[in-house]
Amino acid sequence: MSTDIKYDSIREELVIFRDHVRRFIAKELAPHEDRWAEQQYPDREAWEKLGEMGMLLSDVPDLYGGGGATFAHECVVLEELARVPVNSLAVSVHDIVAHYILSYGSEEQKLHWLPAMACGKKIAAIGMSEPGAGSDLQSIKTNAVRDGGEYIINGSKTFISNGYMADLICLAAKTDQAAGARGISLIIVETEGLKGFRCGRILNKLGRKGQDTSELFFDDVRVPVGNLLGPDEGAGFAQMMEQLPWERTIIAAEAVAVMERAVEITTQYTKDRRAFGAPLFAKQNTRFKLAECATFAKIARIFLTDCICRVMAGTLDNSTASMAKWWTTQMEFEVTDECLQLHGGYGYMMEYPIAKLFADGRLMRIAGGSNEIMKEVIARAL
């Protein structure tokens with residue numbers, strides 16, 4: 001592929017960076033996952049440690065406090081969090097918000113918000129999904145009515161990752177109720193001391209128990225007009241569509257990392273576990289199943305690398321990104337399911353990492369647009 005040279009030039013750097021990230025996660029984050037799951041949210045200090053280690057906003061220019069590195073470095077951080085897994089901190093969501101600000105914010109907005117996000121002092125969430133609007137964002141009801149120099153916001157959001165702890169919310173709201181998708185705008189809401197804003201309960205999920213996924217409520221919330229992303233109202237839907245290749249590629253990156261980790265731990269488990277007088281790995285069915293899973297993971301890694309290169313080159317189209325998102329997350333589900341099966345009864349126990357990989361990973365076929373929506377996007381491009 002034409003972008004190989006750029007990727008190859010940083011390959012050794014990425015190996016060193018990955019080792020640095022992996023060791024940090026193992027020492028500073030992984031030991032707290034069970035406790036975070038019990039309290040349903042991570043410690044704020046963990047975000048600040050991530051910032052200190054340069055693991056937030058990796059590919060945002062250092063002018064704005066980011067790591068000044070590449071999208072490939074961003075993917076390394078997310079892959080290493082996913083493979084443990086440490087999913088209590090929704091770093092991908094935090095960094096997606098940063099890219100909205102980077103792409104559409106004014107210079108003043110970038111300098112105001114991005115450095116605080118990069119050091120973990122400000123945690124960000126995306127306020128898009130609503131009780132009656134998930135993948136169909138055109139149907140959102142949350143509205144923002146201009147009143148002089150402020151927007152008055154009313155509505156609610158649900159399934160908001162980082163919602164309980166969010167200092168900043170990139171909110172999708174209707175600024176023109178009659179304009180459909182063209183009436184949606186993105187507004188940054190700063191939550192500290194904000195009158196009329198309320199965070200509801202932390203939702204009890206199948207997986208990612210330590211991630212503070214919440215409901216959000218806005219009752220006559222007043223936000224400065226200067227918090228609008230972009231110079232004009234009504235650009236929000238187009239802005240969201242423009243960022244989808246970046247967002248869907250990072251979902252694919254997490255899915256690939258989970259596949260690789262599932263194969264790794266299951267191969268070791270079947271070599272250690274004995275049944276009928278021999279290791280499970282000695283059984284042909286076990287070897288064949290793992291051979292299939294390893295092949296899926298290898299193909300997914302190659303596809304992912306191509307997508308990463310194309311994101312870095314600015315050439316990844318929405319259709320290909322949608323292919324990557326649906327296929328890698330579908331394969332992630334099938335691979336972790338097969339690997340769990342090979343663990344037998346132990347695979348159903350949450351103390352075994354394969355169980356957590358399976359439960360946490362189930363979200364991936366839904367998040368970032370369901371896989372059914374991905375197929376619609378792909379079909380439209382045929």
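**Strands, burial and rings**

User: What makes strand β6 and β7 a pair, and in which sense do they run?

Analyst: Strand β6 (residues 197-202) and β7 are joined in the antiparallel sense over 4 bridges. Two strands pair if DSSP finds at least two bridges between them, so β6 and β7 qualify. One of the bridges has Arg198 with Phe217 of β7 as its partner. Strands are DSSP runs of E, at least two residues long, and helices are runs of H or I of at least four, both numbered from the N terminus. The model is a predicted one, in which local features need pLDDT of at least 70 and side-chain atom pairs 80 or more, while totals for chains, interfaces and linings use all residues. Residues are numbered from 1 along each chain as its sequence is written, and side-chain values use heavy atoms, without hydrogens and water.

User: Which strand pairs with β7 over 8 bridges?

Analyst: That is strand β3 (residues 150-160), antiparallel to β7 (residues 214-224). Tyr151 has Val223 of β7 as its bridge partner.

User: What else is known about Arg198 and Phe217?

Analyst: The charged end of Arg198 sits over the ring of Phe217, 4.3 Å from its centre. The rule asks for NZ of Lys or CZ of Arg within 6 Å of the ring centre and within 35 degrees of the ring normal. Lys271 also lies over a ring face, that of Phe281, at 5.1 Å from the ring centre.

User: Why is Asn143 called buried?

Analyst: Its relative accessible area is 18%, and buried means under 20%, exposed over 50% and partly exposed in between (1.4 Å probe, protein chains only). Asn143 belongs to strand β2 (residues 143-147).

User: Is Gly314 buried or exposed?

Analyst: Gly314 has a relative accessible area of 64%, so the label is exposed. Its place is the loop between α9 (284-313) and α10.

User: How do you know that the length of helix α6 fits its residue count?

Analyst: The expected span is 1.5 Å times one less than the number of residues. For the 14 residues of α6 (residues 91-104) this gives 20 Å, and the end C-alpha atoms are 20 Å apart, so the two agree. Of those 14 residues, 13 are buried.

User: Why is the pair of Tyr41 and Tyr164 called tilted?

Analyst: Rings of Phe, Tyr and Trp (its six-membered ring) pair if their centres lie within 6.5 Å; planes under 30 degrees apart are stacked, over 60 edge-to-face, and the rest tilted. By this rule there are 7 aromatic pairs. Tyr41 and Tyr164 have centres 5.2 Å apart and planes at 40°, so their pair is tilted. Tyr41 is partly exposed at 28%, and Tyr164 is partly exposed at 42%.

User: What makes the pair of Tyr269 and Tyr352 edge-to-face?

Analyst: Their planes stand at 90°, with ring centres 6.3 Å apart, so the pair is edge-to-face. Tyr269 in helix α8 and Tyr352 in the loop between α10 and α11 are 83 residues apart. Tyr269 is buried, at 13%, whereas Tyr352 is partly exposed, at 23%. Ring pairs join Tyr269, Tyr346 and Tyr352 into a cluster.
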